[in-house]
Amino acid sequence: MAGEVLIVAEQVHGEIAKVTYELLGEGRKLADKLKSPLSCFILGHNMESQLEKIAQTGVDKIYLADHEELAEYKTLTYRRVIIEEIDTWQTAPHTLLMGSTTVGRDLAPRIAAYYETGLTADTIELDIGPYEHKAGIDKTKIGYFPECLYANRPSFGESLKARILGPWKDPQMATIRPGVFALPKAVEKSVKDLEIKKVKVELKPEDFRVKIAKILREESSKMDISEADVIVSGGFGLGSEESFSLLQELADCFQNSTIAASRKAVDAGWIAYPYQVGQTGKTVRPKIYIACAISGALQHRVGMQKSDLIIAINKDPDAPIFGFADHGIVGDIFQVIPEMIKQLKTMKEQKELQTA
Ligand code: FAD
């Protein structure tokens with residue numbers, strides 16, 4: 001049997017990050033294909049309150065490393081605890097996944113380097129399947145591998161999707177962008193149904209070579225675009241920073257909504273980077289994504305294509321965005337959006353009158 005599918009959890013202030021749940025949902029599918037257990041490695045301090053919600057993802061096993069020195073992420077301490085634990089296993093994990101976050105991007109290469117295994121960064125799709133390596137300079141690599149991790153990611157100047165394989169050594173590793181996978185539906189499982197292994201934490205003096213002097217987290221009152229139900233996103237066709245106020249007015253017609261942007265609008269300095277959707281920005285999957293004067297380049301598409309409903313407004317009928325939008329409006333945003341706002345406000349007023 002193949003080894004476990006292991007998700008390394010990420011936590012901030014003792015709260016498990018959303019991307020961990022997304023990975024557990026996708027990890028369940030991979031583990032079922034491999035007929036292997038799905039496990040989650042949690043490092044932190046006093047994390048017990050989080051376990052019930054983790055159990056409801058359908059995970060089979062939790063590795064819990066509890067120590068005050070693990071309360072905040074530090075590369076060397078986290079690396080030490082993970083590799084020392086895995087080294088005690090008879091079979092290495094088949095697959096090891098982390099979020100493509102600041103932490104995951106820092107930690108995953110350390111683990112991959114230790115095991116001299118491959119690592120695919122910024123993955124957007126995962127699967128398990130066969131691969132036959134027929135030829136190559138290194139003849140030791142030739143062979144048939146029935147259960148490879150397929151890690152797909154945009155490649156070649158971000159214009160193609162490449163499948164990256166590294167079946168020669170387990171764990172087969174990948175980092176995955178937050179927001180790419182849906183959150184799993186809660187299953188009827190509780191901590192009592194799980195195997196929980198308390199991991200021994202034995203840190204060495206060399207794990208403290210880097211000291212954290214102070215952690216400064218910028219608290220923003222603005223909504224994280226990946227949390228919004230409705231996104232009104234603007235592209236270079238907006239022509240100026242001021243035009244985003246029109247988009248904001250449209251966004252305000254919906255609850256739990258925000259504006260966002262293409263990279264070209266961000267690069268023009270019209271809006272800040274945290275609002276960027278796409279390959280080098282955020283991945284979003286709102287209920288409604290309204291793309292205003294956005295051409296629909298692949299790098300933008302990969303960040304929003306999993307939205308439930310995509311509405312595109314563009315004056316060019318041949319704009320690529322119309323190739324994958326659910327509804328397309330060919331027209332000038334400066335005429336279409338005010339009309340949409342007017343209609344939405346009228347609808348809202350009528351609804352209020354009916355309920356009065
Ligand atoms: P344009 O391509 O200039 O399109 C503007 C659109 O507006 C046109 O379709 C035009 O018809 C329409 N328009 C103009 N005026 C109006 C009007 N008045 N009314 C209606 N429609 C109008 N892009 C991202 O978005 N996110 C990323 O994360 C990202 N990462 C990248 C990473 C790499 C490595 C590279 C090489 C590129 C990346 N890009 C990214 C850039 C991407 O390739 C496109 O250049 C970018 O998405 C285009 O932005 P846009 O659609 O706003 O602008």
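Predicted model: local features only at pLDDT ≥ 70, side-chain atom pairs only at ≥ 80, totals over all residues.
Biologist: Where is H13 found?
Modeller: H13 is in the loop between β2 (11–12) and β3 (15–16).

Biologist: And what is its phi near?
Modeller: Phi of H13 is near 50°. That is a positive value, and H13 is not a glycine.

Biologist: What about K35, which phi does that have?
Modeller: K35 has a positive phi of about 55°, again in a residue that is not a glycine. K35 lies in the loop between α1 and β4.

Biologist: K35 counts as what, buried or exposed?
Modeller: Exposed. K35 has 9 C-beta neighbours inside 10 Å, so it falls in that class.

Biologist: Where is I142 found?
Modeller: I142 is in the loop between β8 (125–133) and β9 (143–155). I142 counts as exposed because it has 11 C-beta neighbours inside 10 Å.

Biologist: What does I142 touch?
Modeller: Leaving out residues up to four places away in sequence, I142 touches H133, K134, A135 and G136. As for W168, 26 residues apart from I142 along the chain, the two C-alpha atoms are separated by 9.5 Å.

Biologist: Let's go inside. How many residues has the largest nonpolar core?
Modeller: That core has 52 residues. I7, V8, C40, F41, I42 and A174 have the most contacts inside it. Helix α1 (residues 18–34) gives the most to this core, with 6 residues.

Biologist: Take C40. What does C40 touch?
Modeller: C40 touches I7, A9, L24, I54, V59 and I62, with residues up to four places away in sequence not counted. Another core lies apart from the largest one; it has 34 residues, among them A261, I271, Y289 and I337.

Biologist: Now α3. Which residues of α3 are buried?
Modeller: T77, Y78, R80, V81, I82 and I86 are buried. Their cover includes β1 (5–8), β4 (38–44), β5 (61–66) and α4 (102–115).

Biologist: How many Å apart are the end C-alpha atoms of α3?
Modeller: They are 17 Å apart. Helix α3 (residues 75–86) has 12 residues, so at 1.5 Å a residue it should span 16 Å, which agrees. The expected span uses one less than the number of residues.

Biologist: Zooming out, how is the chain divided?
Modeller: Into domain 1 (5–208) and domain 2 (225–355). Taken over C-alpha atoms, their centres are separated by 34 Å. The contact takes 9 residues from domain 1 and 9 residues from domain 2.

Biologist: By class, which residues are on the domain 1 side?
Modeller: Where domain 1 touches domain 2, its side has 5 nonpolar, 2 polar and 2 charged residues.

Biologist: Last topic, the ligand. How many residues surround it?
Modeller: 30 residues surround the ligand, and the closest are G235, G237, S262, R263 and G278. The elements giving two or more residues to this shell are α6 (263–267), α7 (298–304), β16 (309–314) and α8 (333–355).

Biologist: How many residues of the shell are nonpolar, polar and charged?
Modeller: The shell divides into 10 nonpolar, 14 polar and 6 charged residues.

Terms used
Residues numbered from 1 in each chain as written. Core = buried A, V, L, I, M, F, W, Y, C linked by C-beta atoms within 7 Å. Buried ≥ 20, exposed ≤ 12 C-beta atoms within 10 Å, placed from the backbone. Helix = DSSP H or I, 4+ residues; strand = E, 2+ residues; numbered from the N terminus. Contact = placed C-beta atoms within 7 Å. Domains from an automatic or database assignment. Nonpolar A, V, L, I, M, F, W, Y, C, P; charged D, E, K, R; others polar. Near = placed C-beta within 6 Å.
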